[in-house]
Every structure is written in structure tokens, then in C-alpha cells.
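Trainee: I am new to this structure and would like a close look at one part, the aromatic residues and what surrounds them. Please take me through it step by step.

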Amino acid sequence: MTEIRRGTPADIPGVAAIYDRILTEEEAGRASVGWVRGVYPTEASAREALEAGELFVMAEEGVLTAAARINQTQVPVYSQVPWRWQAPPERVMVLHTLVVDPLRKGRGCGSAFVVFYEQYARERGCACLRMDTNEKNASARALYARLGYREAGIVPCAFNGIPGVGLVCLEKKL
């Protein structure tokens, strides 16, 4: 059975292991997400999300398959984006650092997590969904496009300690 739930302290090693597998894929040239080992994401990133009550995980038969941070925090560079849909901050939900274990790639985990995120936002009265990804992350961009997200802009920036990022900012209206 697959479930998506709030993360717990016991989930942190599993989330960090997913980050590690993704970074290994990046370093081996089998994936391009634009992350840097030891910079972002790290176990501390997951722990920070957990401590804020914003870490969510997907598990199948007790094994973590995906994770993300969900909150209403729009990163500062979002102010440079020409968003089509405007809403007060309390009506905007943001998905951060969605990760799917490379061992589970292609099984619909990413799509299911985004559907969960949309329902979570809807239940909290949010009218606009926002997220971002690195310009290099073609697979994430394709997934989000299939799920109806619009690329509102690409902002050059240093992001989460990684210089030279083209941050693709995406949106969807509920």
C-alpha cells in the first residue's frame, strides 16, 4: 500500500538516502538535476523541513519512495517572476524539493505526490500553486508540464548555495 504522510524523525535517514542516490545519478551523468553534493539538498535540509512541520513522505510497504517540503513560503527570487495568477501569500501553496527515489523512477510516484500537493493546497483554501526546479532538470520540467503547470519564467540566481542556477518557476491555478 502507498501512503503520503507527514514525515517523522525516523524518516530522515531514508530521505537523505534518496538525496544521495539522486546525487550519485547526477555525478554519474545518468541524471541532470543541478544539485551539488554537500551543498543542497542535504540531511540538514530534510531535518529543517521536518522541524518546521513541512516534510511529507511517500512510502510503499514501509519503504520511502519520495519526499517533499510543502508550505506557503515563496523564495525571494519569486518576486522577479511574471506570474500569470496573482493571489495573496496566504492563498499560495509552494512545493519544494520534490524527490523520487531513482530506484522507483517511472512508477508514478512524482505524479501521485503532485496530486497530493494539489489536494493539500485545495483543503487549505489556496488558489495558486507554485514550485521551481533547476533549468537543467528536464525530467521534472516534463512531469510538471504533463500535470498542467505553466513555466512562468526562468530566473538566473544562486539557489540554496548553488551558483549559476537558472531557476524555472512554475505555477498552476486551482
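Aromatic residues and their surroundings

Mentor: Phe56, Phe113, Phe116 and Tyr120 make up one aromatic cluster. The model is a predicted one, in which local features need pLDDT of at least 70 and side-chain atom pairs count only at pLDDT 80 or more, while totals for chains, interfaces and linings use all residues. Residues are numbered from 1 along each chain as its sequence is written, and side-chain values use heavy atoms, with hydrogens and water left out.

Rings of Phe, Tyr and Trp (its six-membered ring) are paired when their centres lie within 6.5 Å; planes under 30 degrees apart are stacked, over 60 edge-to-face, and the rest tilted. By this rule there are 7 aromatic pairs. One of them joins tryptophan 35 and tyrosine 40, edge-to-face, at 6.2 Å centre to centre and with 90 degrees between the planes. Tryptophan 35 counts as buried at 17% relative accessibility (buried means under 20% relative accessible area, exposed over 50%, partly exposed in between, with a 1.4 Å probe and protein chains only). Tyrosine 40 is also buried, at 14%.

Another pair is formed by phenylalanine 56 and phenylalanine 116, which are tilted, with 5.6 Å centre to centre and 55 degrees between the planes. Phenylalanine 56 belongs to strand β2 (residues 55–60) and phenylalanine 116 to helix α3 (residues 109–123), so this pair ties together parts that are 60 residues apart in sequence. Helices (H or I, at least four residues) and strands (E, at least two) are DSSP runs, numbered from the N terminus. Phenylalanine 56 is buried, with a relative accessible area of 2%, whereas phenylalanine 116 is partly exposed at 22%.

Now back to tyrosine 40. The peptide bond leading from tyrosine 40 to proline 41 is cis, with omega near -10 degrees. Most peptide bonds are trans. Proline 41 sits in the loop between α1 and α2.

Which residues does threonine 97 contact, leaving aside its neighbours within four places in sequence? They are Tyr19, Trp35, Tyr40, Pro41, Ala67 and Ala68, where contact means heavy atoms within 4.5 Å. Threonine 97 is in strand β4 (residues 92–100) and counts as buried, at 18% relative accessibility.

Helix α1 (residues 12–27) packs with helix α2 (residues 43–51) at an angle of about 135 degrees, their axes being 9 Å apart. That makes α1 oblique to α2, since angles under 35 degrees count as roughly parallel, over 145 as roughly antiparallel, 65 to 115 as roughly perpendicular and the rest as oblique. Axes here are lines fitted to C-alpha atoms, for helices over the stretch in contact, and angles run from 0 to 180 degrees between N-to-C directions. In this contact Ile12, Val15, Ala16 and Tyr19 of α1 meet Glu43, Ser45, Ala46, Arg47 and Leu50 of α2. By class, the contact has 6 nonpolar, 1 polar and 2 charged residues (Ala, Val, Leu, Ile, Met, Phe, Trp, Tyr, Cys and Pro are nonpolar, Asp, Glu, Lys and Arg charged, and the others, Gly among them, polar).
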